[in-house]
Amino acid sequence: MHLKNGDPKPTIKPNHFTLFGFRFCPYVDRVRMVLQYYNIPHDNVWIHLYSKPDWYLELYPVGKVPLLITKEGKTIVESDAIIRYLDETIGNKSLMSLCGEAEFERAGKLVSKLMAQSYGILFGASIAEANASAYRDVCQEINDTIKGPYLLGDKLTLADFLLFSHVNHFEPIMARLDGLAPSDVRELKATDQYRTKWPRLSTFLDIMRRLPCVVSVREPSQKLALFAETYRQGQPNPDL
């Protein structure tokens with residue numbers, strides 16, 4: 001359950017990682033995936049972003065997630081900084097070394113293009129055709145950028161986690177563009193038209209979703225679509 005305003009502050013274990021997050025947040029998801037990839041024991045504390053506890057705002061006045069408290073008691077915010085920290089301190093830069101700074105930043109720019117369109121499509125009351133067209137254009141750009149099966153070729157890198165957590169919202173977004181009800185949203189099928197249109201993007205989704213560190217974290221596409229519907233109705237419920 002997500003903690004709301006008025007809920008007591010949980011006990012934070014010493015010498016232990018604690019992640020404050022929100023279900024359905026792609027920025028939180030990428031951190032959780034890297035934590036799982038490196039098998040880092042940690043606690044998850046869910047924060048209701050639409051009714052934030054006072055104690056969380058005291059901890060982090062900006063009120064955003066994710067926020068990681070390290071074993072040493074250090075507080076780190078911003079998802080890209082957190083996954084860099086985990087990769088550097090726990091993984092000895094094994095994932096970042098396979099992509100490098102330039103490709104990591106390039107993946108971040110693709111994410112920015114996606115988010116500029118996807119948030120409004122998924123959570124907005126209505127959809128502008130310009131946003132729909134721009135989202136499809138970004139999907140095409142991502143498809144053309146992926147070298148396959150991962151973003152940069154045969155090896156998983158930190159850039160994959162950066163990008164995947166946002167591309168992972170593909171089905172609920174396309175379902176909204178196609179006029180499907182949230183209850184009708186399904187995972188990408190083998191015969192889906194989008195596999196023909198964007199084959200490398202589809203394969204990227206498939207291979208990332210088979211990783212154990214993703215399986216343990218990922219929410220079903222239909223559940224994200226249903227959450228987005230509660231948001232559009234003015235009563236966001238991350239605990240559905």
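Reader: Let's start with charges: how many salt bridges are there between domain 1 and domain 2?

Author: Two salt bridges are counted between domain 1 and domain 2, a salt bridge being a side-chain nitrogen of Lys or Arg within 4 Å of a carboxyl oxygen of Asp or Glu. The side chains of Arg-23 and Glu-219 form a salt bridge, with N to O at 2.8 Å. Do keep in mind that this is a predicted model, where local features need pLDDT of at least 70, side-chain atom pairs count only at pLDDT 80 or more, and totals for chains, interfaces and linings use all residues. Residues are numbered from 1 along each chain as its sequence is written, and side-chain values use heavy atoms, leaving out hydrogens and water.

Reader: Where do the two domains lie in the chain?

Author: Domain bounds come from an automatic or database domain assignment. Here it gives 17–89 for domain 1 and 98–233 for domain 2. Contact (heavy atoms within 4.5 Å) involves 17 residues from domain 1 and 22 residues from domain 2.

Reader: And what area is buried between domain 1 and domain 2?

Author: Buried area is the accessible area (1.4 Å probe) that two parts lose on being put together, summed over both. For this pair the figure is about 1,900 Å², with 70% given by carbon and sulfur atoms. On the domain 1 side, Phe-24, Met-33 and Arg-84 supply 35% of the area buried against domain 2, more than any other three residues.
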